Amino acid sequence: MEKSFIEFFNLIGVLAIALFPFLKTKGRGFITLGVITVQVIISSFVAFSVFTNGVVLFTYPGSFVTGQIPVRIDYLSAWFMLILNFTFLTGAWYGLHYMKKYKDQTDNLALHATAFILLYTSIIDICLFQNGLVLLVVWEIMALSSFITIIFEHQKKETLKAGINFLIQSHVCILFLTIAFMWVKVKTGSFDFTAITEYTSAEPAITGIGLFLFFFFGFAIKAGFVPFHTWLPLAHPAAPAHISGIMSGVIIKIGIYGILRMLLLIKTDMVSLGYFILAISVITGVYGVMLAIVQHNLKKLLAYHSIENIGIIGIGIGLGCLGLGYDSQILIVCGFAGALLHTLNHSLFKSLLFYCAGYVYQKTHTMDIEKMGGLIKHIPRTGYLFLIGSLAICGLPPFNGFVSEFFIYTGLFNGLQSNDFLFIMALIFSILGLVIIGGLALICFTKAFGIIFLGTSRDSEKRSFSKEKPRKFFPLYIIAITILIIGLFPVILAPALLKITHLYMPVAVIPVAPAFTEILGNLTSVGWYSLGFIALTALLYSIRHFLTSRRAHTLEPTWGCGYTGDTAKMQYTASSFIRSYRKLAGSFLMIDKEKSEASGLYPSYINQETHPGDRVENWLIDKPLHLIRRFLNRFVFLQNGNIQAYILYGFIFIGLVIMVPVIIEKIAVFYNFLNQL
Amino acid sequence: MISFLLILLASFFFMGVVVRTKSIASGRKGPGIFQPMKDILRLLRKGSVYSKTTTLIFKLAPVAYISSVLMAILMVPHGNNPGFISFDGDFVMFAYVLAFGKFMIIISALDTGSSFEGMGASREALYSMLVEPAFFILMGSFALYTGRTSFFTIFSTLHYGSYISYMLGALATFVFVLIAMIENSRMPVDDPKTHLELTMIHEVMVLDNSGFDLGVIQYTSHLKFAMYGAIISNFFIGVLPLWISVPLFLVVQFGFAVTVGVIESFMARFRMGHNPQFIFILTSVSMLIFFGALLVLGKFL
């Protein structure tokens, strides 16, 4: 039955696109939402049936190129399918409202909707197919369709530039994956994923590590691990808000899916892999949030936060791998379950934040937070939803971000009982990293929320704000409620998480029950405690209301320490809020500062600008590109605009193509002749 | 439950003892030890002045702040008596719940749109970020040393091993005293009695709070001191019976308050720019404690 569901799932997507020429723009919008909804229902049904009835497995015969095409939907695939479904559904819904502003661009919207459906269909298919070649084809469809969705505003130069950057980096990612799949194909003659397991368990551990590294680099580009993260901060601001939300929420998570899948398949020395992943993840997390703080573009700030959260997920995965290597069940459960849960949690709060950022953009027409301020009075719904997202992303109770971080902390502190010095040091540095990430995230989101929504407007231009329409907020409310439910009742997800983590347990080992019941007990305590926290705050607030409502209170301007003029210009800005941090972390950051000095008795206007840069991007992308360009510039004489010359190049090329095999043949003959001497 | 009541009790006299110590040190008679509490009660009965710029967040924040500290106090044990709620990894929750309160108080400062309060908010956010690692590494060392991962189990098994645990406790006390000073923005990081807004951290954040809200915020600061005092007392109480541990608790709180008073009387405030370096010392000291625990357990290399 699942087989026909999957086929219907793919068919309906293609059919919907075929319907587009016969519809008007509005109809296309609704058909997109309708199709996504139907597809979500179908694939959620399949995923739930996997969780209740066990793994779904069937095989297509395929062709002589691909070999058999197995479709295996295990708990891991099902979990990711559900995460994708939720975010794509809310994203499509939100997108329908968001795109109303652009309803004149008929053709552009049609292309966007087509790409959106293709993107969703292909990304779900990635979770299903377990054949290397098919996966690569589907991956390519996903990369191209997400490229098209990103460059919706392609008339802007920066958007196009960011899109092309994304396209190139996606293909570097595909290159790594292709090499890895070819490696296995050449050695075993099969594209089937099971061949990876067979191959690596027969070979020495170093082969497995090498193969894993190829897969890891490929998937890490998609997920945004440092130093492969450079496309994220460019692509997110360029894309429309619902695409940024989906991209940050789930598309980059497909990289995490890939890494988790490969860890299931590749049999090798898990200890080294664990240390490797842990180290790169701590760096990713700290680096991501360190750069997030200094960003002034709201979407760029959120993009760097995605990198940070990928780091947190990575810490969980690394911990799980170390658990596999050192045979510790509690580490396996805490690590992998923490990573999986954080994947879900991040998809929720990050999409919420991006959707809010989208509404902020539509009201203010800018993403520069230095020009904002006091928005919560004009758009209160967006403001309070953004606050919920901010609290959740900082990992503060009673929201969901805390639960997954708590999982990972539990694992890290439990692992300290080990006797291995190196392991203990790795754990304590991971704890240190996670704590610093948490503290920096707090700075970052107090800045973002405080500067954007609180105080008074920093922009000299006075804007008029239309009222918020309540129905535009429906998908956002659903996300916010889910965030709170996971924060308060984390236990409801525990059975599913335990099922997935059991996949990682070595077959011979029988899971020890007490360890898990203890973790579940902790989760229940966390939930009750959070509930108590909300209840206590509500109680105290009502006491406060009861006591103070009858007392005299007056409204006055903000206390300016004696200054009675307009204080709006004297407010703290985003740059000044993070100034002491910037001084402290200056050596890790790269900030271009342009500053003009005041001079003379009556100085004219002076201004100061800071542009945060990215050191890794500078070293890894910009400098090599600059060198390559300098080298290639030596051959610029070839491009002389002379049509005769170009025809000559064509002839030379064709001549070479024909001559090369002949020459090689001659050389071979000559070589044989020499050998016979 | 007993620890909750004890901490509430300590919070009533703590700041009074600090103020009294300071006045004696400067050769004055000084107010009675319940004067700060009386001031707070007076504030709680007053009306308020709100800034026109503020929103609901400004009214919600003081309540969320005190509620976060109260929830954190619920987890602090008293020797052999667990706190109101206790589970593995509860100290992680402890730190994060306190961070929630901090988040709210920081954004409430930004809510006023004042140039001074933003300054305080910025410093508060930075310094609390710098303090966190020390707390976590310290708890990590105790988790390593005792093999347990919750406040109650750590403190109740701390002294079963050798007397070295008292040495670790003494070092940890040093770290915790300084953490409490930084978290409450007292000397040597911040001077609460200064009258220059440019040099304040916590006080400048609450410039616009008045009446009930200001009283709540000030009382929260007392509660926080008493809470850290309770944790410090736990380093020494161990499994002692109640009739010894309760007086010991009070003695520790009293000693802590006197220490705070003495530090504030005889130390000058650091330059703002030097504070981060000072706070980093805490992390390195707690790293030392961690290595000490490793050495004691024979796990060091």
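This is a predicted model: local features need pLDDT of at least 70, side-chain atom pairs count only at pLDDT 80 or more; totals for chains, interfaces and linings use all residues.
A:Thr554 stands opposite B:Val49, a residue of strand β1 of chain B. The two strands involved are β3(A) and β1(B), the latter covering residues 48-51. They run parallel and are joined by four bridges. Two strands are said to pair when DSSP finds at least two bridges between them.

Residues are numbered from 1 along each chain as its sequence is written, while chains are lettered from A and ligands numbered from 1 in the order in which they are written. The model scores ipTM 0.95 and pTM 0.94.

Now widen the view to the whole interface. Here 70 residues of chain A are in contact with 64 residues of chain B. Contact requires the C-beta atoms of two residues, placed from the backbone, to lie within 7 Å. Which elements of chain A give two or more residues to the side that touches chain B? They are the helices α16 (400-415), α17 (421-453), α20 (513-548), α21 (574-577) and α22 (579-584), together with strand β3 (553-556). By residue class, this side of chain A divides into 40 nonpolar, 25 polar and five charged. Nonpolar covers Ala, Val, Leu, Ile, Met, Phe, Trp, Tyr, Cys and Pro; charged covers Asp, Glu, Lys and Arg; the others, Gly among them, count as polar.

Turn to chain B. It has 11 helices and one strand. Along the sequence the pattern reads α-α-β-α-α-α-α-α-α-α-α-α. The radius of gyration of chain B is 19 Å, close to the 19 Å that the globule rule gives for 301 residues, so chain B is as compact as a globular protein of that length. That radius is taken over C-alpha atoms, and the rule is 2.2 Å times the number of residues to the power 0.38. Along the principal axes, the C-alpha atoms of chain B fill a box of roughly 60 × 40 × 40 Å. Of its 301 residues, 60% count as buried. A residue is buried if 20 or more other C-beta atoms lie within 10 Å of its own, exposed if 12 or fewer, and partly exposed in between, with C-beta atoms placed from the backbone. Among contacts in chain B with a separation of 6 or more, 76% join residues 24 or more positions apart.

Confidence in chain B comes next. Its mean pLDDT is 88, and 97% of its residues reach 70 or more. pLDDT is the predictor's confidence in each residue, from 0 to 100.

Chain A has 24 helices and five strands. Its radius of gyration is 27 Å, close to the 26 Å that the globule rule gives for 677 residues, so chain A is as compact as a globular protein of that length. The C-alpha box of chain A is roughly 110 × 75 × 60 Å along the principal axes. Buried residues make up 49% of chain A. Of the contacts in chain A with a separation of 6 or more, 80% link residues 24 or more positions apart.

Chain A is divided into domain 1 (1-200 + 227-234), domain 2 (269-544 + 572-585), domain 3 (589-594 + 606-634) and domain 4 (640-676). These bounds come from an automatic or database domain assignment. The centres of domains 2 and 3 of chain A, taken over C-alpha atoms, are separated by 30 Å. Their contact takes six residues from domain 2 and five residues from domain 3. The domain 2 side divides into three nonpolar, two polar and one charged.

Strands β4 and β5 of chain A complete the tour of pairings. β4(A) pairs with β5(A) (residues 608-613) in the antiparallel sense over six bridges. A:Asp592 has A:His611, in β5(A), as its bridge partner. Of the six residues of β4(A) (residues 590-595), the number buried is zero, so β4(A) lies largely in the open.

A:Val137 is in helix α5 (residues 132-150) of chain A. With 15 C-beta neighbours inside 10 Å, A:Val137 counts as partly exposed. A:Ile168 is in helix α6 (residues 157-188) of chain A. It has 12 such neighbours inside 10 Å and counts as exposed.
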